[in-house]
Amino acid sequence: MSTNYGNPYLYPGYNMIKVDLQIKQEFIKKRQMTFEEALDVALIVLNEKNATNYTINDAKGLSRKRELVEIRHCVGYILTTRKIGTLKSIGRFFGGRDHSTVINGNKKWQDLMDCYPSYRRCTNEVLSIID
């Protein structure tokens, strides 16, 4: 097992997730990544880390649950640093949020990565799948 985010036996469908990630990785490398694909990969990695089962609609919604906010921050950070979209388009993608919300989320995600190695590992795992 390559990650240390949680016990794979407690998370149903663990092996299916790894196969799903490999398929998505091969597909994404063939062309430019979309917002939906970045969110989908981040959802798989962070759902595994947090032992949750959130969907794309949950992440794009208005909920302020910690896990969902972290997913939005992670994807916004990755999309911004990879220059895949503008701040305005990323905010619009996440349920009509403002560009300043994306900037704030990027700063918070960077702070979390600086303080906690698990957030850095999650980000690196998502980036390794996307790149």
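Here is a walk through this structure, from the whole chain down to a few single residues.

What you're looking at is a predicted model, where local features need pLDDT of at least 70, side-chain atom pairs count only at pLDDT 80 or more, and totals for chains, interfaces and linings use all residues. Residues are numbered from 1 along each chain as its sequence is written, and side-chain values use heavy atoms, with hydrogens and water left out.

Let's start with the big picture. The chain has seven helices and zero strands, where helices (H or I, at least four residues) and strands (E, at least two) are DSSP runs numbered from the N terminus. Of its 131 residues, 44% count as buried, meaning under 20% relative accessible area, with exposed being over 50% and partly exposed in between (1.4 Å probe, protein chains only). Take the contacts (heavy atoms within 4.5 Å) with a separation of 6 or more: residues 24 or more positions apart account for 55% of them.

Now for a pair of helices. Two packed helices are described by the angle between their axes and the distance between the axes. The axes of H2 (residues 35-50) and H4 (residues 66-81) come within 9 Å and cross at roughly 135°. Axes here are lines fitted to C-alpha atoms, for helices over the stretch in contact, and angles run from 0 to 180 degrees between N-to-C directions. That makes H2 oblique to H4; angles under 35 degrees count as roughly parallel, over 145 as roughly antiparallel, 65 to 115 as roughly perpendicular and the rest as oblique. On the H2 side, the contact includes Phe35, Ala38 and Leu39, while H4 brings in residues including Glu67, Glu70 and Ile71.

Leaving aside residues up to four places away in sequence, isoleucine 56 touches Glu36, Leu39, Asp40 and Leu43. Isoleucine 56 and leucine 43 are 13 residues apart in sequence, yet their C-alphas are 7.5 Å apart in space.

Two loops are worth a look too. Threonine 52 is in the loop between H2 and helix H3 (56-60), and counts as buried because its relative accessibility is 14%. Lysine 83 lies in the loop between H4 and helix H5 (87-93) and is exposed, with a relative accessible area of 72%. Most residues other than glycine have a negative phi. Lysine 83 has a positive one of about 55°, although it is not a glycine.
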